Amino acid sequence: MRFYRFFAIAIFSILIFASSHSIAQSNGDASKSLDDILNPKVETDDKPLTAALMANRYYKTCIEEKSLSFDDIEKDILCSCVAAKMSENLTVDEFKGLDKKTKAGKKARNMMLAYSYAPCMGYVINKKASTDCYISKRLDDIIIGKSLICKCVADRFKQHIALDAPRMIIRSQLYEPMDLNPLERYFMEKDYHAQHRIIMNQCRFDFEYHRDNKR
């Protein structure tokens, strides 16, 4: 219990700090190790390693990973954003430590999740929440106004994620300490679908109430 509290407080603090400044690994090919994903063997033309080069490698392997939660556009949004943030926030040594089960590796993963991954979550949430709203059968009877409702859903879900990101990441790390894509698990769980229904119902109510108020 002490370990959990210490771990939760530590990562929660760093995530809250990061979010205040700027608010995949999938279940696919199990033969790929985290080291293969983060540090693929590519030609460098004898150029020295830089954070930008390491981030570009991350993007290429991230985009190739299979995903049960993201479509190609959503995956590109997330991989592009995270790679760009990683190039700004991680050193080459931190990139190399992301797959290490050491104290330094844990610190590198926490830094990556807090400063590179968390600020990008809202972008992919915006796309996914809006798409799932449009295809929902709960709005089949809406003829005019679906776009307004789904924009409302996307905006509110983005706000929800900004507040809930630390808890989501902590929960993911408890289940799988080496996981660098908490949203992959989150979108497959009941929490996302339940929260999406709640927000969609709220947005629909607000839309209909506002419409009736104008009569």
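Let me start with a rule: rings of Phe, Tyr and Trp (its six-membered ring) pair if their centres lie within 6.5 Å, with planes under 30 degrees apart called stacked, over 60 edge-to-face and the rest tilted. Hello everyone! What we have here is a predicted model, where local features need pLDDT of at least 70, side-chain atom pairs count only at pLDDT 80 or more, and totals for chains, interfaces and linings use all residues. Residues are numbered from 1 along each chain as its sequence is written, and side-chain values use heavy atoms, leaving out hydrogens and water.

So, which residues form one aromatic cluster? They are Phe70, Phe157, Tyr186, Phe187 and Tyr192. By the ring rule there are five aromatic pairs. One of them, Tyr186 with Phe187, is tilted, at 5.7 Å centre to centre and 50° between the planes. Phe187 also pairs with Tyr192, this time edge-to-face, with 4.8 Å between centres and 80° between planes.

Is Phe187 buried or exposed? With a relative accessible area of 5%, Phe187 is buried; buried means under 20%, exposed over 50%, and partly exposed in between, using a 1.4 Å probe and protein chains only. Tyr192 is buried too, at 1%.

Now the cysteines. A disulfide is a pair of cysteine sulfur atoms within 2.5 Å, and the count here is four. In one of them, the sulfur atoms of Cys62 and Cys79 are 2.0 Å apart. Cys62 lies in helix H3 and Cys79 in helix H4, so this pair ties together parts 17 residues apart in sequence. Helices here are DSSP runs (H or I, at least four residues), numbered from the N terminus.

Definitions and conventions:
Helices (H or I, at least four residues) and strands (E, at least two) are DSSP runs, numbered from the N terminus.
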